[in-house]
Each structure stands twice: as structure tokens, then as C-alpha cells.
Amino acid sequence: MDLTLTPSAVKMVHGFLKEHGDTPDAGLRVAVLPGGCSGFQYGVDIDQGPEGDDEILEQYGFRIFVDPFSAQYLEGIEIDYVTSLMGSGFSFRNPQATGGCGCGSSFTV
């Protein structure tokens with residue numbers, strides 16, 4: 001699976017992992033969830049370990065967990081961490097997305 005994080009996103013993930021105890025099995029879970037006004041939305045979280053059928057990527061000095069349903073929508077995605085006047089959070093550039101909502105929190109494929 002081709003999934004890229006920007007240096008800003010990598011820095012934030014390392015910080016989040018440290019806050020959660022930085023256990024050896026922990027990692028970043030990246031998911032696509034049904035919902036949002038365009039059909040799908042992204043989810044990111046620190047998870048204490050992978051699920052049985054997760055794809056596990058080891059890059060940037062930590063593990064990334066992706067479930068089989070999400071993997072089909074995340075190929076080629078770039079994840080960034082941005083800070084603006086509107087707030088801060090993860091931002092996604094997905095080459096598979098064919099549309100999105102006005103607020104940028106959901107997408108269609």
C-alpha cells in the first residue's frame with residue numbers, strides 16, 4: 001500500500017504516540033468510515049495494536065494500521081497536519097476522491 005505522511009504529520013504522530021505511552025505494539029490507525037455529507041470520512045487515531053486482518057505499514061519510525069475496507073480507498077493518499085485560523089488537524093489528499101463536501105471533512109469515490 002502506498003500511503004504517505006508529510007514531515008508535519010509524522011512529527012504530530014510521534015507526539016501523539018508519546019502521549020499515549022509509546023508502547024511497542026501501538027501505532028497510527030488510518031480508516032475510511034461511512035458517513036459525512038459526501039458518503040465517506042477519514043478517521044485517524046492512536047491504537048494500542050493491530051486487528052487480526054489489518055495491513056501493517058512500518059514507516060517513519062512507527063506502525064500504521066489499515067483495515068481491509070479502508071485500504072481500497074487509501075491507496076496513494078497523502079496525509080498532512082495543518083494549522084490555520086480555522087484550527088488544526090490532519091488533512092488528506094486522496095487521488096481516488098472524485099468529490100467532497102464544502103467543509104472538506106468527507107469525500108466521494
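A residue counts as buried when its relative accessible area is under 20%, as exposed when that area is over 50%, and as partly exposed in between (1.4 Å probe, protein chains only). By that rule, 37% of the 109 residues in this chain are buried. The model is predicted, so to be counted local features need pLDDT of at least 70 and side-chain atom pairs pLDDT 80 or more, while totals for chains, interfaces and linings use all residues. Numbering starts from 1 along each chain as its sequence is written, and side-chain values rest on heavy atoms, with hydrogens and water left out.

Start with the overall layout. The chain holds 2 helices and 9 strands. Both are DSSP runs numbered from the N terminus: helices are H or I with at least four residues, strands are E with at least two. Read from the N terminus, the order is β-α-β-β-β-β-α-β-β-β-β.

Now turn to strand β6, residues 77-84. Strands pair if DSSP finds at least two bridges between them. Strand β1 (residues 3-5) runs parallel to β6, and 3 bridges join the two. Within this pairing, T4 has E78 of β6 as its bridge partner. Strand β7 (residues 87-93) pairs with β6 in the antiparallel sense, over 7 bridges. Here E78 stands opposite R93 of β7. The link from β6 to β7 is a hairpin of 2 residues.

Step back to the whole chain. Take contacts (heavy atoms within 4.5 Å). Among those between residues at least 6 apart in sequence, 53% join residues at least 24 apart. The surface comes last. By the Shrake-Rupley method with a 1.4 Å probe, the chain exposes about 6,000 Å², and carbon and sulfur atoms supply 53% of that area.
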